Amino acid sequence: MSEFRLTQISDTHLGRRFPGLIANFQRVSEHIDANRPDLVVNTGDVSFDGPTGRDDVVFAKYLHDALPVACRYLPGNHDIGDNPTMIGPAPKPPVSEAQRRQFCDIIGEDHWAFEAAGWRFIGLNSLVMNSGLAFEAEQFDWLARELARTTGKPVALFLHKPVFLNLPDDAETAETAIRYVPQPARARLIEMFAHVDLRLIASGHVHQRRDFTYRHTRHVWAPSTGFVINDARQDRIAIKEVGLVEYRFQPDSLEVRHVRAAGQIDVDIEEILAQMGSEH
């Protein structure tokens, strides 16, 4: 295969009770149907509330199954719970093995690796990092084996949380620590990838579209397909809009296209919170 086209969607936050999020996903589905990439990757928060709402996970998988191309998935904090950080309060809910297993049973693999168009693709479960769960160590061991198999190929890494904001040693703060891969797992991850040709890190989670290069690695933050978080609730780092990202991989080259599907609407988080409040 001389060319591999991949579409990244993220933070779909699907649940039956959120018509605006479903409508935006349907617009994205229509865009994917028209363009037919080789693979769709959802980089997490596939469901709205997996830890307390199993039906959200089932419903999210149902909608993804209707897509006309193959899909791979990675879990987000809304799917399996969040990971602890060195600073700030304990996450609510914390990531758990039971929720990880639920994700795998309903959605699919929570970490994976494959090769296409001369590239090595790796997907990681970033929520177990720094958790102390047995799977955290298992995944790091698996990653070491996979990195040993790269044999000089360029590597594309996919995960839910961005690895860092601007620099690998960015200080964690109580306000922002949950946005990024937490320390000390972050340092370990960076050290492991320092020994391969890491060209791309693709993530989601922050609900902002961002694209920057640090050294020789391009960092792409996919926006949510579903909703935006207004400036009163979240500081503005980059572009706040709904959308998706399209990639075209060829041996030793990469093209990135930032896309907004026709008909997508910038649903504000306030609308989602109002719908949640109406349930109680």
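Of the 26 residues in the largest nonpolar core of this predicted model, I9 and I32 touch the most other members. A nonpolar core is here a set of buried Ala, Val, Leu, Ile, Met, Phe, Trp, Tyr and Cys residues joined through side-chain atoms within 4.5 Å; buried means under 20% relative accessible area, exposed over 50%, and partly exposed in between (1.4 Å probe, protein chains only). Two or more residues of this core come from each of α1 (19–35), α2 (54–65) and α4. Helices (H or I, at least four residues) and strands (E, at least two) are DSSP runs, numbered from the N terminus. With neighbours within four places in sequence set aside, I9 is in contact (heavy atoms within 4.5 Å) with F25, V28, I32, V40, V41, N42, T43, H64, T225 and L244. A second, separate core of 24 residues includes V163, Y180, V206 and F212. In soluble globular proteins, nonpolar side chains tend to be buried together.

The model is predicted, so local features need pLDDT of at least 70 and side-chain atom pairs count only at pLDDT 80 or more, whereas totals for chains, interfaces and linings use all residues. Residues are numbered from 1 along each chain as its sequence is written, and side-chain values use heavy atoms, with hydrogens and water left out.

Turning to the overall fold, the protein has 7 helices and 13 strands. Its radius of gyration, taken over C-alpha atoms, is 17 Å, close to the 19 Å that the globule rule (2.2 Å times the number of residues to the power 0.38) gives for 280 residues, so the protein is as compact as a globular protein of that length. The C-alpha trace spans about 55 × 45 × 35 Å along its principal axes. Buried residues make up 57% of the 280 residues. Among contacts with a separation of 6 or more, 72% are between residues 24 or more positions apart.

Helix α7 (residues 269–277) has I269, I272 and Q275 as its buried residues. They lie on the same side of α7, because they cover an arc of only 120 degrees around the axis, the arc being that of the directions from the helix axis to the C-beta atoms. Their cover includes α1, β10 (227–228) and β13 (267–268). At the N-terminal end, α7 is capped by D268, with a side-chain oxygen 2.8 Å from the backbone nitrogen of E270.

Helix α4 (residues 97–106) holds R100, which is buried, with a relative accessible area of 6%. Beyond residues up to four places away in sequence, R100 touches I80, D110, N125, V128 and F135. C104 is also buried, at 16%. The count of disulfides (pairs of cysteine sulfur atoms within 2.5 Å) comes to 0. The sulfur of C71 is 16 Å from the closest cysteine sulfur, in C104, too far for a bond.

Most residues other than glycine have a negative phi, and most peptide bonds are trans. A cis peptide bond joins K92 and P93, with omega about -10 degrees, and P93 lies in the loop between α3 (77–80) and α4. Q183 and P184 are likewise joined by a cis peptide bond, with omega about 0 degrees. H13 has a positive phi of about 50 degrees and is buried, with a relative accessible area of 1%, whereas D252, with phi near 70 degrees, is exposed at 54%.

Note on methods: Polar contact = N/O pair within 3.5 Å; in protein donor to acceptor, adjacent residues only side chain to side chain.
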